[in-house]
Amino acid sequence: MATIVTVHGTFAHIDATGQGSSETSQWWQKGSEFERHAQELISGQDGEVKFLPFVWSAENSELERRAAGSRLLEMLRELDAKGESYCVIGHSHGGSVISAALVESVAYGAPLAGLKRWITVGTPFIEMKREPFLFTRLNLVQRVLFVASLMLLIMFGFYAGAELLEGAQDGVYLRRPERFFFSGVMMSLPFIFFLGILRYLDHRKLYLYKAKWIQRAKAEYNPKWLPLCHENDEAVQGLKYLPKVQLDLIDRHFAASTVSMAAILFLPLGYLFAVTSPTLMVGIANFLKNDVYAVEQYDKAKSAEAEEMERLSGRLRQARQMAEGTVLDPVAAESARQEAQKIRTTLRGMRAHLNETDPEFLRYERAQRFKRRFLEENGKTCAGGTLCGEGKHFSVNAKLMFHVVTDELSAAVISDEGDFGNFGGLLRLLIPIVLVPVISALVAIVLLMITEFIAHRLSAISAYWLNRLTLAEIKRSAFGNDTESEIAIGADRRPNWVVPQNSYLPTELGDLIASYSTSTAVETLAKFRKAITTLAFAEGETKAGVLFTYFTWKELIHATYFDVPEFRKLVMLALSRTEGFQPKAKFVTDPDYVRTGGWLKALEPAAAGTASG
């Protein structure tokens, strides 16, 4: 008996058995127009041909294609066991499934004796290459085992290395080098054991790359192969040129504006972080105390006149408090105000004199002011001689941060002792109102410029790598490469283990297929135009159903080969000239028989004249 095994392609609408009706079945199913045509035109040399569909998951997955190849090989070996002659026909990635089965047949057993011809139709064979290193070819579980088996050796190496580097005289490996060697060998055994297993599994898995098996598959099956492909097949050409595609899906400035926007929050967030951090605030206070104001240095170098000014400043504060606390006693309040004015006048004179005679006076005065504000409380030094509250009092922290921003300019304009009288108080109020926004704005602009500079470069670098990763993932998905150990690098009309041969379909036949696809597309467009209203009001799954009701995939050349009678006849003629098959009289007298023979001769010059029946 002669058998035709059919293998469908990716995303085929399949059922569990491969059965179908004459109206709905696809080319590869029983009851299809292709099977009916085959029964009419060809037969086995000892009877009718048997039609045997092979069903697989149809997923765009390299692992699924290889798994399907293994199951297909089992089916073909059963035919071998019965002594049958058979041909295998695969459309789209069905051809990839056949290729995987054939290479596996020579890798793990004997070649298929009953296989007389295998035909691939519009098959984009994915070209793969191995990952360069064993570790990158392992799956996740295997990588975990690899690292785990290495741990004992790593621990031993670290211990021994530390002993050698530290020169420990009591170390066993320094006194007994033979123990070092023996221990190293013993600690390596788990890693060597797992490495051996993983290399064996890797060897078994990557049989497609073994030169001797490739050569054997080529010798056995290359003469029996007939590739049929339209020069404009969308799947083949699309995947063939996919590696050359370079798309910038993400603009190089995509993140610049968003990251730059963060500069707006840098100042308030930085302030809140600083003022709520005890460690940072104490550090700022100590830095100001020691490195900016040199408080201890000026305490030791304090002059008698400076000490007198401190005493008068204390009296001035007391006089102010009395003036403010005796509102109900106008006489006492007025007396306190007069005393304060006298002290203020005296202080002004002393300050003017010290300014002329002591160049360090202003620095001393600022140091004392800082000390009174942040290092003393009620005239007494705070614990540890550092910031009062140890950075845990937010009011003190906030006052210190405000002092950092405003003190330099305030000291240059007005002193604590109330220069300029009441106008001095107004100045002390206006200085921070003007100064803080100005300084903040300047700092914010500088931060913004720095942030924008960094953001544009980070955005460009991120866009570059995101584009590469995204495009690589798109290509990986399009190729269906879900392997852990291989990289898809391209697609071609032939498997990488066969000799390049045969051109595209003859122009005349290719035009017939293209015309059929075009006419289907025109009809679909007309029907779809009428369905616009229905589609507009459809939702969710209903909308997808409306689309697939009108889109049949026959609009693509890739899906229309077997719908064209002339193409089916070409396949039948190739089968009829194969061992175990023969043409029926109806086929020989068919008006297209001679023309079809010319097409086959153009595709297969060496085999066209070889007929077995």
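Student: In this predicted model, what is the strand order of the open sheet of five strands?

Tutor: The order is β3-β1-β4-β5-β7, and the pairing is parallel. From one strand to the next, the twist averages 15 degrees.

Student: What makes β3 and β7 edge strands?

Tutor: Each has a single partner strand, so one side of β3 and one side of β7 (225-228) lack a neighbour in the sheet.

Student: How do you know that β1 pairs with β3 and with β4?

Tutor: Two strands pair if at least two bridges are found between them. β1 and β3 (residues 49-54) have six bridges, with Ile4 opposite Phe51. Six bridges also join β1 to β4 (residues 85-91), where Ser85 is the bridge partner of Ala2. Both pairs therefore meet the criterion.

Student: What makes β5 and β7 a pair?

Tutor: Four bridges join β5 (residues 115-121) to β7 in the parallel sense, and at least two are required. Trp118 stands opposite Trp225 of β7.

Student: Why is strand β1 called largely enclosed?

Tutor: Six of the six residues of β1 (residues 2-7) are buried, so the rest of the structure largely encloses the strand. In a regular strand, side chains alternate between the two faces of the sheet. On one side of β1 are Ala2, Ile4 and Thr6, on the other Thr3, Val5 and Val7, and all are buried.

Student: Why is the contact between Glu48 and Lys584 called a salt bridge?

Tutor: The closest N and O atoms are 3.1 Å apart, and the cut-off is 4 Å between a side-chain nitrogen of Lys or Arg and a carboxyl oxygen of Asp or Glu. The pair therefore qualifies. Glu48 is in the loop between β2 (42-44) and β3, and Lys584 is in the loop between β11 (581-583) and α23 (585-588), 536 residues apart.

Student: Is Glu48 buried, exposed or partly exposed?

Tutor: Partly exposed, because its relative accessibility is 45%, and that class runs between 20% and 50%. Lys584, at 21%, is also partly exposed.

Student: Why does Arg66 count as buried?

Tutor: Its relative accessibility is 13%, and buried means under 20%. Arg66 forms a salt bridge with Glu486 at 2.5 Å, N to O. Arg66 lies in helix α2 and Glu486 in strand β10 (residues 486-492), so the pair ties together parts 420 residues apart in sequence. Glu486, at 2%, is buried.

Student: What separates Glu62 from Arg65 along helix α2?

Tutor: About one helical turn, because they are three residues apart in α2 (residues 62-81).

Notes. Residues are numbered from 1 along each chain as its sequence is written. This is a predicted model: local features need pLDDT of at least 70, side-chain atom pairs count only at pLDDT 80 or more; totals for chains, interfaces and linings use all residues. Side-chain values use heavy atoms; hydrogens and water are left out. Buried means under 20% relative accessible area, exposed over 50%, partly exposed in between (1.4 Å probe, protein chains only). Helices (H or I, at least four residues) and strands (E, at least two) are DSSP runs, numbered from the N terminus. Axes are lines fitted to C-alpha atoms, for helices over the stretch in contact, and angles run from 0 to 180 degrees between N-to-C directions.
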